[in-house]
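I opened my notebook to get to know a structure that was new to me.

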Amino acid sequence: MRALLGVADRTGLVDFARGLRECGVDIIATDGTRRALADAGIEATAVSDVTGFPEMLDGRVKTLHPAIHAGILARRDLPEHMAKLDEHGFTAIDIVVISLYPFVETVARGADAATTIENIDIGGPTMIRAAAKNSASVAVVVSPSQYDEVLAELRESGAISQPTRDRLAARAFAHTAAYDTAVAAYLNGELGDRETSPPEY
């Protein structure tokens, strides 16, 4: 089993990742998350080692690559999908753990427009939505509040149940929808509707 971790909110990260490793889960991580894990003595493979490309454009591009998204989106029940992964040397990703850039918090502290725009997450929502779409095989985690439930199931049965994956997927789509609503509200405000404020998500 393989998990991809890329979290802006590091709350509970080390304990969760340690629990994943104890359950035999291999970890892939974005650079910042991987450094935090390395500091705690937890082994993780860099996303750049999976994609063959370094993070670029000041971190704007790091996970937007077929090695990541094919691994998330491949249907395990379709032999041709799995054969295509093998053909390209890709590996399936079974758990996706993402916390998004703190967009609302950035707006709330009065950051300038350039800083705020850089806190619009692109890769994170893309991975979340891909994992949620493929909840038949992939568990998507968008909040540290979900860590205990996921670890409990892994420890009990070595897997995450379909009902749990479905609940996580529903939460994930609601999460990205609220995030996008916050971004739209901010941009409307920048265009003159100053009474519009980003909702919490």
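**Entry 1: one residue.** Does Ala40 count as buried, partly exposed or exposed? I kept in mind that I was reading a predicted model. I looked up the relative accessibility of Ala40 and found 27%. Buried means under 20% and exposed means over 50%, with partly exposed in between. Ala40 therefore counts as partly exposed.

Next I asked where Ala40 lies. I found Ala40 in the loop between helix 2 (31–39) and strand 3 (45–46). I then looked for what Ala40 touches, leaving out residues up to four places away in sequence. I noted Val14 and Arg18. I also checked Ala40 against Ala17, which is 23 residues apart from it along the chain. Their C-alpha atoms are separated by 9.9 Å.

**Entry 2: a pair of helices.** I turned to helix 4 (residues 66–73) and helix 8 (residues 123–133). Their axes come within 8 Å. They cross at roughly 25°. Angles under 35 degrees count as roughly parallel, so I wrote down helix 4 as roughly parallel to helix 8.

Which residues make the contact? From helix 4 I listed Ile68, His69, Ile72 and Leu73. From helix 8 I listed Thr126, Met127, Ala130, Ala131 and Lys133. I sorted the residues of this contact by type and got 6 nonpolar, 2 polar and 1 charged.

**Entry 3: helix 8 by itself.** How many of the 11 residues of helix 8 are buried? I found 8, so helix 8 is largely enclosed by the rest of the structure. The buried residues are Gly123, Gly124, Pro125, Met127, Ile128, Ala130, Ala131 and Ala132. Met127, Ala130 and Ala131 were already in my notes from the contact with helix 4.

**Entry 4: the whole protein.** I stepped back and noted 10 helices and 5 strands. The radius of gyration is 17 Å, close to the 17 Å that the globule rule gives for 201 residues. The protein is therefore as compact as a globular protein of that length. Along the principal axes, the C-alpha atoms fill a box of roughly 50 × 35 × 35 Å.

I looked up burial too: 43% of the 201 residues count as buried. The protein exposes about 10000 Å². Carbon and sulfur atoms supply 52% of that area.

Note on methods
Residues numbered from 1 in each chain as written. Predicted model: local features only at pLDDT ≥ 70, side-chain atom pairs only at ≥ 80, totals over all residues. Heavy atoms only, no water. Axes fitted to C-alpha atoms, helices over the stretch in contact; angles between N-to-C directions. Helix = DSSP H or I, 4+ residues; strand = E, 2+ residues; numbered from the N terminus. Parallel < 35°, antiparallel > 145°, perpendicular 65-115°, else oblique. Contact = heavy atoms within 4.5 Å. Nonpolar A, V, L, I, M, F, W, Y, C, P; charged D, E, K, R; others polar. Rg over C-alpha atoms; globule rule 2.2 N^0.38 Å. Buried < 20%, exposed > 50% of the residue type's maximum accessible area, 1.4 Å probe, protein only. Areas by Shrake-Rupley, 256 points an atom, 1.4 Å probe, with all protein chains shown as cover.
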